[in-house]
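Trainee: I would like to learn how to read a protein model, one feature at a time. Could you take me through one?

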Amino acid sequence: MKTLLKTAREQKGFKTRELAQMMGIDQALVSKFESGNRKPTKDQVIKLSTILEISYETLMVAWLKEKILYEIGDDELALKALKEAEEEIKDLRSATNNIISKELQQVLDEIDILKKKLDQFRQFDSYRIAQALELEYTFESNRIEGNTLTLRETDLVINEGLTISGKSMREHLEAINHHEAIAYIKHLMEKNTSLNEREVLSIHNLILRGIQPEDAGRYRKVQVMIKGSSYMPPQPYMVPKNMEDFYIWYETHKNNLHPIVLAAEMHERLVTIHPFIDGNGRTSRLVMNLILLQHGYVIANIKGDYDNRMRYYQLLEIAQTQNNKENFLLFIAQIEKESLERYIGIIAQ
């Protein structure tokens, strides 16, 4: 593990003091990690993985291996103990998977079947189809937040560069910005970039660019209220720590949750932290869809009509205030299922 860390740091061109500053720890501690005289904590391993862009799985396996060797060494019963531990770990993993309700699991199974079907039709993917569906996504996502541009007007603003009479400059910028943010998450998908703070801030920066430039890509520094909701977001001083925990949770769970559940969880967690003055909903939905695209799914397009919008907000509030995410996860899964069915129906024609 020490070799992994030192090699990655040198390849990134970081000095030990620079890495220590990014980690928020003493420089001496970084040196001890690289010499093998000190082992990082699990949270520090996750931070190191993100900053040094080392595969989380690779680094965590190395960390766990050293932890196991340190604890049991060459004890004559070590191998027997490891075999018994392996069986218990499998049981624990199975119990964790059973937390998902039967109804949600059924939808996930249906999605998996659709995903296999989609993979067979990938050769028929069309730029024009993708462009049309992304335009709809921009329209619906902005409509959820109160933008009054119609689908046709959104098309004219984005693709023709026209100005719509009677519509505000903000509404025009929301359409343009969201369209560019979709292009950005597709770029991240193609690069297979792991979700991190830099990328989330970049997505948010695109959403508020030219609208609230002083707040674009920056965490809020004041308390906010969510209109029409009883949920109170955390105080601004808590946001940086909550966001740090957000990325740690992602790295810890990204390989052991169904991608739909992972994407929906990340959406709900980001909205609940409410790290920005404005643009939290759009940014959260883009983060969710980045994860879906990275796993080979299609954009989950939540409709912005009154009934769907109210259902979406109600389920989010229940998740936030009652710590009950089941119905929200099911809602997102159903949206993705519908989006897959529609996409397959179009390209299979």
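This is a predicted model: local features need pLDDT of at least 70, side-chain atom pairs count only at pLDDT 80 or more; totals for chains, interfaces and linings use all residues.

Trainee: How many residues does helix H10 have, and what span does it reach?

Mentor: Helices are DSSP runs (H or I, at least four residues), numbered from the N terminus. The expected span is 1.5 Å times one less than the number of residues. Helix H10 (residues 169-191) has 23 residues and reaches 33 Å from its first C-alpha to its last, close to the 33 Å expected. After H10 comes asparagine 192, whose phi is positive, near 55°.

Trainee: Which residues of H10 are buried?

Mentor: An α-helix has 3.6 residues a turn, so residues three or four places apart point the same way. Buried means under 20% relative accessible area, exposed over 50%, and partly exposed in between, with a 1.4 Å probe and protein chains only. In H10 the buried residues include Glu171, His178, Ile182 and Leu188, and the buried residues of H10 pack against helices H8, H9, H11 and H14, where contact means heavy atoms within 4.5 Å.

Trainee: How do helices H15 and H16 cross?

Mentor: Two packed helices are described by the angle between their axes and the distance between the axes. Axes are lines fitted to C-alpha atoms, for helices over the stretch in contact, with angles from 0 to 180 degrees between N-to-C directions. The axes of H15 (residues 306-322) and H16 come within 8 Å and cross at roughly 145°. Among the residues that meet are Tyr312 and Leu315 in H15 and Phe328 and Phe331 in H16.

Trainee: Which residues touch the most other members of the largest nonpolar core?

Mentor: A nonpolar core is a set of buried Ala, Val, Leu, Ile, Met, Phe, Trp, Tyr and Cys residues joined through side-chain atoms within 4.5 Å. The largest has 65 residues, and Leu195, Met243, Met266, Leu286, Ile291 and Ile302 touch the most other members. Helix H16 (residues 326-347) gives this core its largest share, 11 residues. A second, separate core of 22 residues includes Ala8 and Val45.

Trainee: Are histidine 204 and glycine 24 buried or exposed?

Mentor: Histidine 204, found in helix H11, counts as buried because its relative accessibility is 0%. Glycine 24, in the loop between helices H2 and H3, counts as exposed because its relative accessibility is 65%.

Note on methods:
Residues are numbered from 1 along each chain as its sequence is written. Side-chain values use heavy atoms; hydrogens and water are left out. Helices (H or I, at least four residues) and strands (E, at least two) are DSSP runs, numbered from the N terminus.
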